Amino acid sequence: MTAELQKKVERAIRLIQSAGRDGEEIEVAYSGGKDSDVILELTRMAGINHKALYRNTTIDPPGTIRHVKEMGVEIVPPKNTFLQVLEKKGIPSRYMRFCCSELKEYKILDRVIMGIRREESHKRAENYKEPTECRLYKHSGEEVDAIYPILDWSLKDVAEFLADRHIRCAPVYYDEQGVFHAERRLGCMCCPLASRKQRIEEFKKHPNMVKLYCRGGGKWLDEHPHARENPCQSDIYRLFVRTTFFDTNEEFMLAIDGMFGQVDCKKFLEDYFKIKF
């Protein structure tokens, strides 16, 4: 471990110990990802009273749950499965990303250690200035005292720490030859925050997710018949094609009801993703 990283490790441990100095149990918000592996190890090194908790989204990549169990983390059952969220609210999109608030962003303990790093995105760099804050969960209005021990860590720091501590991460980080790729990220399958190209590739990789979306979204449509008045979502297959492949209603309508006749969206999805509804 380099001297620079050693200083960051010591600083992170002091921060964690300071947060836990009164002996009250602190949550380690564990996602199964590489940054969560780092904060879990740092917390264990700090020797404070803690409970590592994994909020089961029901749509994390294969092998994630096994990794969570191997790391000795407690699995918290979801209040609603992702299918139930679809049935209740419809299909999420980049502009209507309600799935995170339903599946991940809710309070369990009063204080929580999180593996957030500024380097991950411009938005995080802008939003996270200090290693501690009072964090508000907007969906529920609940507040927690949040601690970010690796806020200033780089991807290189994370990879070096994991290697130094001989920590094996979730399967998503390894290629077919077993080589570790720190640049990869663990998140919900087919996340609406991914680029359109990435999301379509995810659906190709996990075609049962297409069927899950259409099953849950179809029930939502059945219970909200007024929504079918919009020609872009007169049935669940049109709605799924619209939200997955197109940026605007106009683009969708031009492609689906164009000069060559109306496209059968159900058949298109079955052919494109090699599935059968």
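Arg 185 is exposed, with a relative accessible area of 52%; here exposed means over 50% relative accessible area, buried means under 20%, and partly exposed is in between (1.4 Å probe, protein chains only). Welcome to a predicted model, in which local features need pLDDT of at least 70, side-chain atom pairs count only at pLDDT 80 or more, and totals for chains, interfaces and linings use all residues. Residues are numbered from 1 along each chain as its sequence is written, and side-chain values use heavy atoms, with hydrogens and water left out.

**Salt bridges: the count and Arg 185**

- The model has 20 salt bridges, a salt bridge being a side-chain nitrogen of Lys or Arg within 4 Å of a carboxyl oxygen of Asp or Glu.
- Arg 185 takes part in one of them, meeting the side chain of Glu 120 at 3.2 Å, N to O.

**Asp 152 and Arg 11**

- Another salt bridge joins Asp 152 to Arg 11, with the closest N and O atoms 3.0 Å apart.
- Because Asp 152 belongs to the loop between β6 (142-147) and α7 (155-164) while Arg 11 belongs to helix α1 (residues 3-19), the pair ties together parts that are 141 residues apart in sequence.
- Asp 152 is partly exposed, at 37% relative accessible area, and Arg 11 is partly exposed as well, at 40%.

**Arg 111 and its partners**

- Arg 111 forms a salt bridge with Asp 22, and their closest N and O atoms are 2.9 Å apart.
- This pair links distant parts of the chain, 89 residues apart: Arg 111 is in strand β4 (residues 111-113) and Asp 22 in the loop between α1 and β1 (26-29).
- Arg 111 counts as buried, with 12% relative accessibility.
- A network of salt bridges links Arg 111 with Asp 22 and Glu 24.

**Phe 277**

- Phe 277 lies in the segment after α12 (265-273) and is partly exposed, with a relative accessible area of 30%.
- Leaving aside neighbours within four places in sequence, Phe 277 is in contact (heavy atoms within 4.5 Å) with residues including Val 210, Cys 214, Tyr 237 and Leu 269.
- From Phe 277 to Gly 115 the C-alpha to C-alpha distance is 39 Å, and the two are 162 residues apart in sequence.

Technical notes:
Helix = DSSP H or I, 4+ residues; strand = E, 2+ residues; numbered from the N terminus.
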